[in-house]
Amino acid sequence: MSENNTRVIVITSGKGGVGKTTTTANIGTALANMGEKVALLDADIGLRNLDLALGLENRIVYDIVDVVEGRAKLRQAMIKDKRNQNLALLPAAQTRDKSAVNPAQMRQLVEELRAEGYTYIIIDCPAGIEQGFRNATAGATEAIIVTNPEMSSVRDADRIIGLLEAQDLRNPYLIVNRLRPKMVKSQDMLAVEDVQEVLGSNVKLLGIIPEDEVIITSTNKGEPAAAVEGSLAGQAYRNIARRLRGEEVPFLDLEEKVGFFGRLKGLFGNKK
Amino acid sequence: MPSLFDRIFGRAEKPAHTAKNRLKLVLMHDRADIPAPMMDQMRKEIIAVLSKYVVIDESQLDVSIERGEGGVALVASIPIVRVNSEE
């Protein structure tokens with residue numbers, strides 16, 4: 001594993017609440033379970049949350065600002081995941097703000113992580129297009145845009161595409177998150193094809209995540225859905241990780257699954 | 001608002017379709033990125049040129065960027081009061 005093979009991917013969206021942190025936690029977990037050495041970097045300084053998604057919140061001693069300001073070595077601050085030693089988190093600082101780190105320092109940090117032999121460095125970008133965004137994208141060589149099939153989030157994604165291009169992050173990947181196949185079928189919700197058509201052909205569809213209650217329960221437990229078999233969203237995230245690694249994986253047939261669960265619900269009297 | 005008849009027989013535009021069309025439009029505005037002052041200047045200059053030939057009702061003037069056939073279009077609706085006889 002030479003450092004040249006390290007992929008540095010920023011996960012961004014513009015709009016808040018579309019699932020960046022959940023996506024970061026799940027893709028990171030899935031990649032680590034596939035044998036990749038993964039560093040997750042929470043760039044949302046002041047609003048730390050990636051630690052919660054991973055269940056690592058009680059183990060934080062040092063954070064990204066401590067490393068940048070020289071109070072801790074990078075290795076001291078990296079938190080190894082209990083479940084998978086291939087996965088490590090560099091937490092955001094909670095009591096500082098975006099201005100505590102600048103883009104040059106972020107690039108330096110990414111270089112240090114490269115030297116540590118990680119094969120994937122995944123950066124969880126804060127919402128917005130200000131300094132937090134510039135920090136998170138500074139050291140990245142690839143970008144994943146997370147959007148929901150909903151107008152304001154697609155609009156913000158379009159804005160982000162333009163800003164990424166300005167930073168030479170071209171042809172970003174696209175993840176459509178929180179899709180409701182039933183609503184798409186009844187044409188009450190934008191379809192993935194609609195989102196692609198609107199955003200244009202320079203985005204590459206990387207995955208489609210259905211709205212799934214398992215995301216809520218897994219976040220509550222601090223155990224990403226991708227780590228456990230049996231959920232559609234978890235499967236979708238594992239497929240994304242495989243696609244990132246270069247595998248050809250067909251997109252899940254979400255409509256069929258709805259039909260299947262619908263029939264199951266019908267059989268059992270639609271009780272919850 | 002679609003009529004009850006349209007809604008019953010499913011002729012109303014589907015919400016997904018509405019959303020897609022609205023999005024396309026708003027993104028063209030966003031992407032065209034014409035700043036408001038420039039838009040205003042353009043409007044004034046259009047008025048100035050037209051005023052050489054016709055008297056226009058400035059209060060009813062409407063200039064906007066719209067999605068036309070195959071692209072973004074500047075659409076102007078300029079009510080003419082009368083031909084400028086002095087010219």
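Predicted model: local features only at pLDDT ≥ 70, side-chain atom pairs only at ≥ 80, totals over all residues.
Local features required pLDDT of at least 70 and side-chain atom pairs pLDDT 80 or more, whereas totals for chains, interfaces and linings use all residues. Residues are numbered from 1 along each chain as its sequence is written, chains are lettered from A in the order in which they are written, and side-chain values use heavy atoms, without hydrogens and water.

The size of an interface is often given as the accessible area lost when the parts come together. Between chain A and chain B, about 1,300 Å² is buried, 62% of it on carbon and sulfur atoms (accessible area, 1.4 Å probe, lost on putting the two parts together and summed over both). Of the area that chain A buries against chain B, 45% is supplied by Met151(A), Arg155(A) and Val198(A), more than by any other three residues. The contact (heavy atoms within 4.5 Å) involves 13 residues from chain A and 12 residues from chain B.

Four salt bridges were counted between chain A and chain B (a side-chain nitrogen of Lys or Arg within 4 Å of a carboxyl oxygen of Asp or Glu). In one salt bridge, the side chain of Lys24(B) meets that of Glu197(A), with an N to O distance of 2.4 Å. On the side of chain A that touches chain B, the elements giving two or more residues are α7 (151–166) and α9 (192–199) of chain A; helices are DSSP runs of H or I, at least four residues, numbered from the N terminus.

Within chain A, Thr21(A) is found in helix α1 (residues 20–33). Leaving out residues up to four places away in sequence, Thr21(A) touches Asn49(A), Leu50(A), Ala53(A) and Asp124(A). The C-alpha atoms of Thr21(A) and Cys125(A) are separated by 8.2 Å, although these residues lie 104 residues apart along the chain.

Elsewhere in chain A, the charged end of Lys37(A) sits over the ring of Tyr118(A), 4.1 Å from its centre (NZ of Lys or CZ of Arg within 6 Å of the ring centre and within 35 degrees of the ring normal).
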